[in-house]
Amino acid sequence: MSDKFQEGQVLEGKVTGIQPYGAFVALDQQVQGLVHISEVTHGYVKDINEHLSEGDEVQVKILNIDEKNNKYSLSIRATQEAPKKERRPRKQAAPQQEDASAGFNTLKDKLEDWIKQSDDREKFRK
């Protein structure tokens, strides 16, 4: 392994191979790492070939170095600013109803109406 690379370091690399799960990027003549498909860009990546091609020069950040297994985990996404989410306009409030009987009324105001309605139903049932 090379002592010249450290986790968190950002540097230029060259895409040397593409697989469905990610891209291999050469950091120098001896060291190569993997950019997992989830680390290619912000958002969902269905087909990595739409974002990268073999031979592309890319800026990568070293996420993890596994000395024992000689593996470098890289990220292109970590070198880019996250896109700002577009704010959707809020729904406008429903227009106010002009009917005075609609909407909220106090119980005292409505109690007389309810008693009358109840009495009318009782008369109708008899």
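The side chains of Asp28 and Lys4 meet in a salt bridge, with a nitrogen-to-oxygen distance of 2.9 Å. This pair links distant parts of the chain, as Asp28 sits in the loop between β2 (22-26) and β3 (32-36) and Lys4 in the segment before β1, 24 residues apart. The model is a predicted one, and its chain comprises 1 helix and 5 strands.

**Overall architecture**

- Read from the N terminus, the elements follow the order β-β-β-β-β-α.
- The 5 strands close into a barrel in the order β1-β2-β3-β5-β4, with mixed pairing.
- Of the contacts between residues at least 6 apart in sequence, 56% join residues at least 24 apart.
- The chain has 126 residues, and buried residues make up 24% of them.
- Its accessible surface comes to about 10,600 Å², and carbon and sulfur atoms account for 47% of that area.

**Strand β1 and its partners**

- Strand β1 (residues 10-19) runs antiparallel to strand β4 (residues 57-66), and 5 bridges join the two.
- Within this pairing, Gly13 stands opposite Val58 in β4, while Lys14 faces Glu57 in β4.
- Strand β1 also pairs with β2, again in the antiparallel sense and over 5 bridges.
- The strands β1 and β2 form a hairpin, with 2 residues between them.

**Salt bridges**

- Side chains of opposite charge can pair when their charged atoms come close.
- The count for this model comes to 4 salt bridges, among them the pair of Asp28 and Lys4 described above.
- Asp28 has a relative accessible area of 19% and is therefore buried, the cut-off for that class being under 20%.
- A further salt bridge joins the side chains of Lys110 and Asp113, at 3.9 Å from N to O.
- Both Lys110 and Asp113 belong to helix α1 (residues 107-125), where they are 3 residues apart, about one turn of the helix.
- Lys110 is partly exposed, at 23% relative accessibility, and Asp113 is also partly exposed, at 38%.
- The side chains of Lys116 and Asp120 form another salt bridge, at 3.4 Å from N to O.
- Lys116 and Asp120 are separated by about one helical turn because they are 4 residues apart in helix α1.
- Lys116 counts as exposed, with 52% relative accessibility, whereas Asp120 is partly exposed, with 38%.

**Nonpolar surface patch**

- Leu107, Leu111, Trp114 and Ile115 make a nonpolar surface patch of about 420 Å².
- Trp114, one of these patch residues, lies in helix α1.
- The relative accessibility of Trp114 is 42%, so this residue counts as partly exposed; membership of a patch requires over 30%.

**Loop residues**

- Thr41 is located in the loop between β3 and β4.
- With a relative accessibility of 18%, Thr41 counts as buried.
- Apart from neighbours within four places in sequence, Thr41 is in contact with His51, Arg77 and Gln80.
- Asn70 is found in the loop between β4 and β5 (71-75).
- Although Asn70 is not a glycine, its phi is positive, at about 60 degrees.

- The barrel order β1-β2-β3-β5-β4 can be read alongside the antiparallel pairings of β1 with β4 and of β1 with β2.
- Helix α1 holds the pair Lys110 and Asp113 as well as the pair Lys116 and Asp120, and it also contains Trp114.
- The salt bridge of Asp28 and Lys4, by contrast, links a loop residue to the segment before β1.

Terms used:
Residues numbered from 1 in each chain as written. Predicted model: local features only at pLDDT ≥ 70, side-chain atom pairs only at ≥ 80, totals over all residues. Heavy atoms only, no water. Pairing = 2+ DSSP bridges. Buried < 20%, exposed > 50% of the residue type's maximum accessible area, 1.4 Å probe, protein only. Patch = residues over 30% accessible without salt bridge, like charges linked within 9 Å, V, L, I, M, F, W, Y side chains within 5 Å. Areas by Shrake-Rupley, 256 points an atom, 1.4 Å probe, with all protein chains shown as cover. Contact = heavy atoms within 4.5 Å.
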